[in-house]
Amino acid sequence: MSAKPTVLFVCVHNAGRSQMAAGYLRELAGDRVEVLSAGSEPKDQINPVAIEAMAEEGIDIAGNTPKILTVEAVKESDVVITMGCGDACPVFPGKRYEDWELEDPAGKDLATVRRVRDDIRGRVESLLAEIAPAA
């Protein structure tokens with residue numbers, strides 16, 4: 001892994017789970033980690049309930065835009081975290097891949113999205129402790 005690892009979060013729509021995970025990692029890691037997110041079939045905007053749930057944590061993801069998953073994004077990443085995108089993500093040797101089974105927050109109420117958010121936070125904290133522990 002490079003001195004400053006790059007983490008790519010991938011879900012289908014890049015509008016909920018991957019955006020929340022990227023928001024947490026940016027917030028918790030500061031400049032220790034490069035953070036990317038993308039989707040295999042991105043929506044045109046971030047899930048408003050995910051924006052609200054993250055705002056409760058003091059993290060603003062409202063200005064983010066869902067992005068299409070590219071081979072280049074995977075190539076430049078050290079860690080690729082998938083969240084329900086199945087085989088859409090290309091695999092390259094020498095990279096760390098994890099699949100996080102998380103409920104899709106699309107169309108769900110705030111209480112459900114909070115549960116997903118809190119699950120994501122715990123996973124992001126564990127990942128950060130492994131790839132870029134605080135000095």
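Predicted model: local features only at pLDDT ≥ 70, side-chain atom pairs only at ≥ 80, totals over all residues.
Colleague: How do you know how many helices and strands the protein has?
Modeller: Helices are DSSP runs of H or I with at least four residues, strands are runs of E with at least two, and both are numbered from the N terminus. The protein has 4 helices and 4 strands. Their order along the sequence is β-α-β-α-α-β-β-α.

Colleague: What makes the radius of gyration agree with a compact globule?
Modeller: The radius is taken over C-alpha atoms, and the globule rule is 2.2 Å times the number of residues to the power 0.38. For 135 residues a compact globule would come near 14 Å, and the protein has 14 Å, so the two agree. Along the principal axes, the C-alpha atoms fill a box of roughly 40 × 35 × 25 Å.

Colleague: Why is isoleucine 120 called buried?
Modeller: Buried means under 20% relative accessible area, exposed means over 50%, and partly exposed is in between, with a 1.4 Å probe and protein chains only. Isoleucine 120 has 0%, so the residue is buried. Its place is in helix H4, residues 110-131. Across the protein, buried residues make up 45% of the 135.

Colleague: Which residues does isoleucine 120 contact, leaving aside neighbours within four places in sequence?
Modeller: Contact means heavy atoms within 4.5 Å. On that basis isoleucine 120 is in contact with Arg17, Met20, Ala21, Tyr24 and Leu102. Arginine 17 is 103 residues away in sequence, and the C-alpha atoms of the pair are 7.6 Å apart.

Colleague: Why does glutamine 19 count as buried, and why is arginine 26 called partly exposed?
Modeller: Glutamine 19 has 1% relative accessibility, so this residue counts as buried. Arginine 26 has 38%, so that residue is partly exposed. Glutamine 19 is found in helix H1, and arginine 26 lies in helix H1. Leaving aside neighbours within four places in sequence, glutamine 19 contacts Asn14, Ser37, Ile46, Ile61, Asn64, Thr65 and Pro66. With residues up to four places away not counted, arginine 26 touches Val35 and Asn64.

Colleague: What makes a set of residues a nonpolar core?
Modeller: The members are buried Ala, Val, Leu, Ile, Met, Phe, Trp, Tyr and Cys residues joined through side-chain atoms within 4.5 Å. The largest such core has 31 residues, and Val7, Phe9, Leu25, Val33 and Trp100 touch the most other members. Strand S1 (6-11), helix H1 (17-29), helix H2 (48-55), strand S3 (79-83) and H4 each give two or more residues to this core. H4 gives the most, with 8 residues. Apart from this core lies another, of 9 residues, among them Ala38, Leu69, Val74 and Val80. In soluble globular proteins, nonpolar side chains tend to be buried together.

Colleague: How many side chains are positive and how many negative?
Modeller: Lys and Arg count as positive and Asp and Glu as negative, with His and the chain ends not counted. The protein has 15 positive and 23 negative side chains.

Conventions. Residues numbered from 1 in each chain as written. Heavy atoms only, no water. Charge placed at Lys NZ, Arg CZ, Asp CG, Glu CD.
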